[in-house]
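Me: I have a structure here that I have not looked at before. Can you walk me through it?

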Amino acid sequence: MKKINNIILSLLALVFLSNCTKEVKTEQHTEEKEALHDEAPQTIASLTEEQINAVGVTLGTIEQKELTAMIKANGLLNVPNSNRASVAAMFGGVIQTLPIQEGAYVKKGQVIATIANPEFVVAQEQYLTVLSKITYANQEFKRQKELFDNDAGAKKNYQNASAELKNLNAQKASLAKQLQMMGINPLKVSNQNLKNGMVITAPISGTVSKIIAQIGSYVDVSAPVAEIIDNSSIHLDLQVFEKDVPKMKIGQVIQFEITNNPGKTYEAVVFSIGSTFENDSKTIAVHSKVTGNKDGLIHGMNITGAVSLSSIKTPAVPTEAIVEADGKFYIFVKTNQAASEHHHEEGAEHTEEKGAEHQHEKTVNFEKVEIVKGTSNMGYTAITPVKEIHANTPIVVKGAFFINAKLSNTGGHQH
């Protein structure tokens, strides 16, 4: 009996020691996982295409910008007079057709409007009458010349016939010119095709900025019917203060934004520096040609510009692409790298529950990369990545705040 009791006590002792060992191992494993989690926080966020579209995440690349030593100034977009036109009628009349709309693009020579006036018919009748008279006058001139040459006619009659022919030819030339200005080909004028209207054509190619006349309205001679502007030749007049003028040079690059619609940056190159003050503002106009993309730029827009005084360019990203966390700054880079395995292990149970739902849903991964901020200007900030980022690597330029919030809210767990 004593021997049986000793065996039972030994077995109980083994069970107790086994349980203690399991608890110690469990605690050690938990501590190791927590330590690993603390030492290697998650830096990769996964977003579905639906999430990317919903928040408006936009990708771009790190650009090269001149953000140091700049002069800031306001200005105005302007189109030279040679690229602006006021379309007017050479003759008065009633507007019959007006086949244009404001904002439409027209080519040089394109019909802008047609006008009607009874005087157009009269001018064609006069032209035909003169042609008929010229035929008779030419015959009379030949007859008088023949008589004069044969001493059978008076010299005075010959001279009168010659003068009459010259006078009619002058009338013909004048009327032909008028018909051409009306858009009527003199060679095609006949009693069967008299026209009571004339066409008004575009003197330049460009955009219809304003329509003044209306169908059925009467327009006087030289009265404007529409205005056309060629924005492709738009340039920038930057108003620079007197103290900054000596720093300006031809060829300098100006980066500017539309004052009432910031966010998109344009570029212009200085081609001329004014020599007189503009009104009482004590500023001098610096004329610059807009280069590159001109979409959205319209004559008369106010702009805010910055002139780079240095030719040194630095890596930069849109300021909204940078997020702050724990006193450091980051950007998000598109990556093929997946989230760390130990985080997937922690969420294994959750993955089993949700796996069937997301196994076919395509995701895009973004890595949180630390950077050092530099100068900010015109919506861009110079950066120095802590680790190398290859050129043309896609980065998040819009929506970085959302990705960072998602990464923070999940505590680094990607499901």
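Me: Let's start with one residue. Is isoleucine 71 buried or exposed, and why?
Reply: This is a predicted model, and in it isoleucine 71 counts as buried because its relative accessible area is 5%, where buried means under 20%.

Me: Which strand is isoleucine 71 in?
Reply: Isoleucine 71 belongs to strand 4, residues 70-78.

Me: And what does isoleucine 71 touch?
Reply: Setting aside residues up to four places away in sequence, isoleucine 71 touches Asp244, Lys247, Met248, Gly305, Ala306, Val307 and Leu309. As for alanine 306, its C-alpha atom is 5.4 Å from that of isoleucine 71, although the two are 235 residues apart along the chain.

Me: How is strand 4 joined to strand 17?
Reply: By seven bridges, with the two strands running antiparallel. One of the pairs is asparagine 74 with threonine 304, the latter in strand 17.

Me: Which way does strand 14 pair with strand 17, and over how many bridges?
Reply: Strand 14 (residues 253-258) pairs with strand 17 in the antiparallel sense, over five bridges. Isoleucine 254 has valine 307 of strand 17 as its bridge partner.

Me: Is strand 17 enclosed or open to the outside?
Reply: Strand 17 covers residues 302-308, and five of its seven residues are buried, so the rest of the structure largely encloses it.

Me: Let's step back. How many helices and strands are there in the chain?
Reply: The protein chain has seven helices and 23 strands. It has 415 residues, and 35% of them are buried. Of the contacts between residues at least 6 apart in sequence, 77% join residues at least 24 apart.

Me: What about nonpolar cores, how many residues does the largest one have?
Reply: The largest nonpolar core has 40 residues, and Ile112, Ile115, Met182 and Val219 have the most contacts inside it. Two or more residues each come from strand 5 (84-88), strand 8 (111-116), helix 3 (118-149), helix 4 (155-181), strand 9 (197-201) and strand 12 (224-229). Helix 3 gives the most, with eight residues.

Me: How many bridges join strand 6 to strand 11?
Reply: Two bridges join strand 6, residues 93-97, to strand 11. Glycine 93 stands opposite valine 219, which is in strand 11.

Me: Different topic. What is the volume of the second largest pocket?
Reply: About 360 Å³. It is lined by 23 residues, and Gly263, Lys264, Thr265, Pro318 and Tyr380 lie nearest its centre. Strand 2 gives the largest share of the lining, three residues.

Me: How does the lining of the second largest pocket divide by class, nonpolar, polar and charged?
Reply: The lining has six nonpolar, 10 polar and seven charged residues.

Me: One last residue. Where is phenylalanine 241?
Reply: Phenylalanine 241 is in strand 13, residues 235-241. It counts as partly exposed, at 46% relative accessibility. Apart from neighbours within four places in sequence, phenylalanine 241 is in contact with Ser281, Lys282 and Thr283.

Definitions and conventions: Residues numbered from 1 in each chain as written. Predicted model: local features only at pLDDT ≥ 70, side-chain atom pairs only at ≥ 80, totals over all residues. Heavy atoms only, no water. 1 Å grid on protein atoms, 1.4 Å probe; cavity = no way out; pocket = protein on both sides within 12 Å on 5 of 7 lines; lining within 4 Å. Points joined across faces, edges and corners; volume = space filled by probe spheres on them. Helix = DSSP H or I, 4+ residues; strand = E, 2+ residues; numbered from the N terminus. Nonpolar A, V, L, I, M, F, W, Y, C, P; charged D, E, K, R; others polar. Core = buried A, V, L, I, M, F, W, Y, C linked by side-chain atoms within 4.5 Å. Buried < 20%, exposed > 50% of the residue type's maximum accessible area, 1.4 Å probe, protein only. Pairing = 2+ DSSP bridges. Contact = heavy atoms within 4.5 Å.
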